[in-house]
Amino acid sequence: MRPTLLPALRAQVRELDRGACAYCHSPEELSVTPFEIDHIVPFSAGGRTELDNLCLACASCNRLKGSRQESIDPESGSSVSLFHPRRQLWTDHFEWNHDRSVIVGLTATGRATTRVLQVNRPELVRLRRLWLRLGYEWA
């Protein structure tokens, strides 16, 4: 049985991720649905309910990731680990394009994660452009 996430731990995760999805960096305050706490290594695969295995995730990233820990790098065709927000730096694996509307995968891990989580789906790119026009900056 999955342990209950205590409110204090939820608050720590939100603070650590600065109120944004650890994967696509969408800000929770601009979302119409509350973000979820993701087990980076899924509970079903032995992942623990501890701060170093939890991150804030928007509903889309969390659902698309599901219990996956690996995926195929579209460039090399190799199976690679997905991005681990507590053990890896986002900027080592991803960068923003010139207008900060598209996330570019820099490594095999970044490319696989970008593909699996569909972080550049048209609706989200349009939202990012709107947020930028409104003057909103995020991590």
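A: L106 is partly exposed, with a relative accessible area of 37% (buried is under 20%, exposed over 50% and partly exposed in between, with a 1.4 Å probe and protein chains only). The model is predicted, so local features need pLDDT of at least 70 and side-chain atom pairs count only at pLDDT 80 or more, while totals for chains, interfaces and linings use all residues. Residues are numbered from 1 along each chain as its sequence is written, and side-chain values use heavy atoms, with hydrogens and water left out.

L106 sits in the loop that links β6 to α4; helices (H or I, at least four residues) and strands (E, at least two) are DSSP runs numbered from the N terminus. Beyond its neighbours within four places in sequence, L106 contacts T91, D92, H93, F94, E95 and R111, where contact means heavy atoms within 4.5 Å. One of these, T91, is 15 residues away in sequence, and its C-alpha is 8.8 Å from that of L106.

Helix α4 covers residues 108-117, and eight of its ten residues are buried, so the rest of the structure largely encloses it. The buried residues are T109, G110, R111, A112, T113, T114, V116 and L117. Their cover includes α2 (59-65), β3 (70-72), β4 (79-81), α3 (90-93), β5 (94-96) and β6 (103-105). Just after α4, Q118 has a positive phi of about 50 degrees.

F94, another contact of L106, also belongs to an aromatic cluster: ring pairs link F83, W90, F94 and W96. Rings of Phe, Tyr and Trp (its six-membered ring) pair if their centres lie within 6.5 Å; planes under 30 degrees apart are stacked, over 60 edge-to-face and the rest tilted. By this rule there are three aromatic pairs. W90 and W96 form a tilted pair, with 5.6 Å between centres and 35 degrees between planes. Both W90 and W96 are buried.
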